[in-house]
Amino acid sequence: MNEDQVAAALAKLFEEGHRVVFWNDADREFEETVPALSIDGVTVLRLDGIPALEAKMRVEREEPNTRFLLYAPSNPPSPSEDWLLDMRLYSRSFRADRASIVHGELGLTEQHLRDHLAARGKFLASKDRLARLKKLIEPTDTAAAIDRKMLAALLKLDQHDVLNVLTALYHSIPDGDLDGSPAAWEDIEKFELAAPFWTMVQEQFGYAESSPSLRNLLIRLMVTDLAHSATQELPPALKHLHLPKVFAANASVCLSHWRDSHTRSQSYDRLSKAVADALKLDTQLGGFDIEALLDAKTFLLVEKYIASTLRDRVIDTASAINAAAIKAIATQRQDGYWADCERPSTDAAPREAMHAVYDALIAAADLFELRGEFGAGFAYTTAQEMFRAYADRLYRFDRLYRDFTEAADKAKAQGWDILKTLRDRVEDCYGTWFLTNLSLKWGGFVETDLLNDWRVPGVMNQQELYRQKITAALMGDDDRRAFVIISDALRFEAAQELADTLNGTYRIQASIDPLLGVLPSYTALGMAALLPHKKLTYTDKGEVLADGQPTGTLQQRSDILASVGGIAVKADDLRSMKKDVGRAFVKPHKVVYVYHNVIDATGDHLATEADTFDAVRKAVGELSDLVRLIINNLNGSYILVTADHGFLYQESAPDLSDKNALADKPLGTVKAKKRYLLGRTLPDSDKAYHGSTETTAKADGGMEFWVPKGNNRFHFVGGARFVHGGAMLQEIVVPLVTVRQARGAAQEKTKTKPVGVTVLGSTHKITTNRCRFDLIQTERVSDRVKPVTLDIAVYEGDTAITNVQRITFDSESENYDERKKQVILSLQNRTYDKKRTYHLILRNTDTGVEENRVDVTISIAFTNDF
C-alpha cells in the first residue's frame, strides 16, 4: 500500500457512507503525506492543529453535510480525556501502518512478515531503499531472505546471494586495510541488519564468534581455502584458524568467485596480501612440497614459494632434468590466479612478471634437457652433418636461451632476484658449454674444409638465391610477382619462430630452409649477395659492387633491381601505404625487395645492444604482419623472407678471454670491425681464419679477410655482446622462409581451430563436496590446431555452484595418456535436488564460447554431514 493506495482506501470508506473518518498515525509515518492527499468532497482536519471543541463544532454544527478526515499524528486519547468520543463512536477509524503498506507493495504472501517488516521500519523509511529492495523480492521470501536482500539493496547489488553480499562488503573496504570498515557497515548497524548478517555468515561458513568481525572472518576464510586446496596439513600455527570442515568447500567457492570477479578481484589481491602479512605466512610454508600446493590460489606468497621451490628443482636436477614434469607444474600455475597474464597486473598482483618466471623455468628446463642429449660435446663427422644438425635441432639452444633471457628480464624489471642463480647456470650452459663446444667442432670444419671450398652439399649458397629461387619462380608466368623481405640480422632460430607463426595463419603456408651465408657475415656483402647479379666485386675501399654497380643504399639496390623489372622499398614505407596506393606502387614490378631493419639497428649499438632480444621479438611480429599485409592488401602469393646475416648475442659481457687483440692491423687492411677484417694480400694469423671472398661469396677482386676463431672479437668498440661477421653457425646459417598463399582446396587446410576437449565417462554423478572430472585433449597441438584455455565449473542454471578452474590444453604428444588432465572442483555445501540435472561447463577463456557441456547429478552422501 503506497500513497495512492492510502488515498484509494480512504475514498472507499467515504463512498461506503461514512461522513467522518478518524486516522491516528502514532508513528507519524504519513505525516508528510497528508497535506498532499486529495479525495473529492473530503475536508482534512489535523487534530493537532486545532482545538478539539473547534473541530467538533465545525463537523457537527457549521458543516453538517461535509465529509471530514480527522488526522492526528498520535494515538487516540483515553475515553475519559477524549472530547470527540461521541463522534468517534458513530464514525469510522482508519489505520495505515508502514509494515502493512510495504507488505502489500512487495507482494509478499506470508502475512506474519508484517511484524518483521515493522521491525525493519528504519530501513523501509527511504523510498530509494524500498525501490531497490522491491527489485529483489520474491512473493515467497522468508524473513531471512528479506534481510539478505536488504543487505544487497544497501550495497546496491543486483545479485543477493550470501557470497555476493560478503565479497561486496570486503570490496568496499578502503585501500585493502584489513582493519578498515566497509562504507556500508555503519548503515548495516543503523538499520539493525548486523545480527542477521552474522547469522547468515554462520549458516554459510560455520563462523560463530562471540565478537565477530570482518577481519577475523576473512582470515579464517583464507586459511580454510588454503587448507582445502592443499594436500598437506597446515602447520599448527594456522590449523586453529580453520573453519569447520563441513563448510570448507563454501569458503573456497566464495573466494574463488571473488577472485574471478572482473570488478572485485583487485580488492582480493590487496586484502589477501594483508592477511598473509598478518599470518606471517612466509614463515609457515617451508615444509610444503610443491605438489601439495598445486591447486592453491589463496595467496601470492604461496605462488612465490612454489616458483622459488621449482627454480631450486630445476637447478638441482639440471644434469638429469625431466623438462616435461617442470613444464606441467609451471603451466598449471600459469593457468592459476596469480600468474595468469590474461588478467591485469597490479602492484599487489604482478601477474605478467609471475607468468614470466614460469616461462623462464620452462625454457631453462628445456635448455638443460637439450644439453643433456649431447653428453660431453658434438660428435659430427662432416660440415654437412653439423650444418644440417644446426638447422634441424641445435638452433634450439639459441631459441631457448633467448626465451629464458626475455622472461628473466621481465622478472628482473619487477625488482625480483628469484632467477639470479638460475641465470648464472643458464649462462654457463649456453656460453661456456654450448658456444664453446659448437665453435670448437664447427671451427675445425671451417678451417680444414670450408675456407677452401665454401659450400655445403644440398644447401644453397646465399648468393644463388635470386637465380635459383626468384628467376625460377617467375619464369613463364607474366602475372606472377615475387616479394623478397630482407630483415637485417634475422637469424635462423627467429625465422623458425616466424615460420611457425605464419603456419598458424589462415590462407598462409610457410616453410623454412637454411642458406649458407657469405663470409665475412656482414651487411654490405650479405645484401649485395641477395641482389640479382652475375658477379660481385670489391672496390679498393672495400665497397661491394654487383655487376659493377654500387649496392650500399636503397636507391642503388633499386637501380639494380630495375634491370629485372624490380624495385626496392623500406618496410616502414610499404606499411604506411594505403591499400590502393600500395597496389599501384607494386603493380608495374615483377620483383619487390622489402628491406626491414629492427634487430641490427638495435643490437649493433652500445647504447641499445642489451635490447637485442626485445628487438627480435618485435621483428618477428612485424614480419608476420608484413607478410599478411602483402597477401591481403597487395595480392602477393609468393613471398620469400630472408636475411643478410645472423648474429651472436650473450647477456654476459665478454671479457679479455673473448678478445683476439690485434696489436697492429696487418698491411693491406681496408676495413676492421669487431668480427672481421678486410684487406688485400693479408698474412696468415694464428688468431684468425684467413680466407678469400672469392671463395666464400664468389666476389672477384682479390679481397681477403680475417675472422676471429670461435666467438671471439677483435675489439670491443661500439658494444661487444651483439656481434656478427664471423663464421659461427648463428651468423652464417641464413634463413629462407618461403610463404605461399593457399588457394582452392588447399585453403581449407590452413584454417586453425582450438583443440577439442572431452569429459571422460558416460555418466557423471557428484557424491562428495570435492568432485573430480577426467578430461582428454582429443588431438595434438600443431600448426593449425591451437592450444585452448578453458574455465571449468559446475553450474545450476547460469550460476556456478563450484569454484572455477582454469586449465590449458596444449599437449603436442601423440600419446592419448599424455593428453589427459584432471580437474578438481569444490561444491558448495548446501542442499541439492537429486532429481535435478546440473551441468559441467567447459568455457573458452578467450572467447567465452561454451566448448563442451555434460549433464551432472548431485547426490551428496549423508556421511559428508559429519
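Which residue stands opposite isoleucine 792 in E31? Leucine 842 does. Let me set that in context.

First, the ground rules. This is a predicted model, where local features need pLDDT of at least 70, side-chain atom pairs count only at pLDDT 80 or more, and totals for chains, interfaces and linings use all residues. Residues are numbered from 1 along each chain as its sequence is written, and side-chain values use heavy atoms, leaving out hydrogens and water.

Now the strands. Helices (H or I, at least four residues) and strands (E, at least two) are DSSP runs, numbered from the N terminus. Strand E31 covers residues 838-844. Strand E27 (residues 788-796) runs antiparallel to E31, and six bridges join them. E31 also runs antiparallel to strand E32 (residues 850-858), again with six bridges. Two strands pair if DSSP finds at least two bridges between them. Leucine 842 turns up here too: asparagine 852 in E32 stands opposite.

Look at the hairpin of E31 and E32. Five residues lie between the strands, and glycine 848 takes a positive phi near 80 degrees.

Next, two helices. H14 (residues 248-259) and H15 (residues 265-279) pack at about 120 degrees, with axes 7 Å apart. They are therefore oblique to each other; that is the class left after under 35 degrees (roughly parallel), over 145 (roughly antiparallel) and 65 to 115 (roughly perpendicular). Contact, meaning heavy atoms within 4.5 Å, involves Leu255, Trp258 and Arg259 of H14 and Ser265, Ser267, Tyr268 and Leu271 of H15.

Conventions. Axes fitted to C-alpha atoms, helices over the stretch in contact; angles between N-to-C directions. Buried < 20%, exposed > 50% of the residue type's maximum accessible area, 1.4 Å probe, protein only.
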